[in-house]
Amino acid sequence: MEDQILALTAELAAVKSAAQVTNTMFAEAYYYLTIPLMVLIHAGFLLYEMGATRVKNVLSSGTKNLLAFAFTIVTFYLFGWWFYWALPTFPYDLASGAGYMEISGIEYASAIALPWGDSAQYMGPNMADHASGVFWGAFALFAATTASIASGALIERIQTVGFVICAIVLGSFAWVVAAAWGWHADGWLVTEFGFHDFGAAGLVHAVAGFFALGILINLGPRVGKFNADGSANHIAGHNMPLTVTGLMLIIVGFFGFLMACIILPGEGWSWYADQGTTIYGTPMTLSALAFNVCLAASGGIIGAWIITKDPFWMMSGCLAGIISVASGLDIYFGSTVIVIAMVAGMILKPCADWLEGFGIDDAVGCVTVHGTIGLFGVVMLGVLGSGAPGLGAFAPEDTVAISLFGQIVGAIVMFLLGFVPGYIVSWLVHKAGMLRIPDAVQIKGLDAVKVPAQAYPESMVSPNSDS
Amino acid sequence: MGYFAESFAELYNADGWIDMGMFIGAGSSAAGWWTVIASVMLIAVLAKGNADEQEHYK
């Protein structure tokens, strides 16, 4: 009998070990696969941006977009990842010490997120570490997404290297600070204000959108955008089908982006052994995403259609629909999502027109789609979700719940974290003579001046190009 | 340069692989030096890229 018990115990241990291996490999594969899905966001932004550009500038826009992706990922490796782990409690704790969950602070960040010294073992191939690389990869793609978001607004008149510098500040610093404060269980916006932003409506979209606004103010409009009396001209891109298809690819990538926002169970870094959660440790499932993302995308298209009848704005509405509910994808009911997303789709174009009235030339509606709708989504969760717990079951009893006040504070912080760095860095780049392309070059066409390749056969030239 | 282990036998135990870097230069200052080189190259590329770009606009 005793021998049988011993044998069964050994067998049980072997089964548990095998189950753990399966869980670990599944978790690693899950996050790994979110990375190529998020690369589709960039494929989408590339098509979207090039399609919205005139023929004479199309390759120049593509070059800029590709460099935003590349430089953001590299610099996120060198220092961006460290900021995420180092800053959650700052400036509440000026020394940036560890928070309640003890997975933050300068000491913790320096132990796991620097590509030198002892922490280098978690920033490269490691025999036993199945988590650091895939988490870093997912976050690096979030970072690159912020840069790609801003990129579209600035087409046809921003210098390449000047833009790259702005993209680095946005992707490897500004949004990272927002994530540390509002997308981390130790973040002070979460612990002190109950700020909740499951799908990053504020900390990715609003930050990127208003960062772009800060740049746009210093950059100025494209030549020919505004008349002497202040009225605006529509500058059509050269390929609407490319743009609309690109937007649909962005939506495909969003499924990967949002999937990466779920913390899987059963690992050393999981909140629970048997349940998936949000990044805050609150309940979350892929099924919730399936309901709400599909409905949000559809609601946004429908809302934009009834106002504009224009496929460009309908696909922008699709994006806006998802962004408008991203903060509360974990706790919204499907029909609620339809309503919010439709409203987002309806207000999109009027908001973009309102911004243009101030002389801002946002070539693709980036500030409105990502900035304005991002903040709308953050605040709407405060209106509808007040009282929901801000953290999971492990949290201290006095944990602050979601509230309208907390969401408004979060929205203001996200606006400032986007707009202020965007304005300052672009002002500095402008002073260095690296921001705006000379008007004569804009008129001639950027590709003819600085790209040693042709987008289309020689016979196909832009009617408004001198080249 | 070279690799830090001649055999992986000692790096595997009842808990599986030991938690350590398996890249070339792991456990030494090499990672830091590669990071310095990469950073300098990035800055140099940006400087050269900007110089080329300004030349195009003249």
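In this predicted model, 23 residues of chain A are in contact with 21 residues of chain B. Contact means that two C-beta atoms, placed from the backbone, lie within 7 Å. On the side of chain A that touches chain B, helices H2 (58–86), H5 (160–182) and H15 (446–450) each supply at least two residues. H5(A) gives the largest share, three residues. Helices here are DSSP runs of H or I with at least four residues, strands are E runs of at least two, and both are numbered from the N terminus. By type, this side of chain A holds 15 nonpolar, six polar and two charged residues. Nonpolar covers Ala, Val, Leu, Ile, Met, Phe, Trp, Tyr, Cys and Pro; charged covers Asp, Glu, Lys and Arg; the others, Gly among them, are polar.

The largest nonpolar core has 163 residues. Such a core is a set of buried Ala, Val, Leu, Ile, Met, Phe, Trp, Tyr and Cys residues joined through C-beta atoms within 7 Å. Buried means 20 or more other C-beta atoms within 10 Å of the residue's own. H5(A) supplies the largest share of this core, 17 residues. A:Ala150, A:Trp175, A:Val207, A:Ala212 and A:Met414 have the most contacts inside it. Beyond four places in sequence, A:Val207 touches residues including A:Trp175, A:Ala178, A:Met414 and A:Leu417.

Then confidence. The complex has an ipTM of 0.95 and a pTM of 0.94 from the predictor. Chain B has a mean pLDDT (the predictor's confidence in each residue, 0 to 100) of 92, and 98% of its residues reach 70 or more. Within chain B, helix H1 (residues 30–57) is highest at 97, and strand E2 (residues 16–17) is lowest at a mean of 88.

Residues are numbered from 1 along each chain as its sequence is written, and chains are lettered from A in the order written. Local features need pLDDT of at least 70 and side-chain atom pairs 80 or more, while totals for chains, interfaces and linings use all residues.

Conventions. A residue is buried if 20 or more other C-beta atoms lie within 10 Å of its own, exposed if 12 or fewer, and partly exposed in between; C-beta atoms are placed from the backbone.
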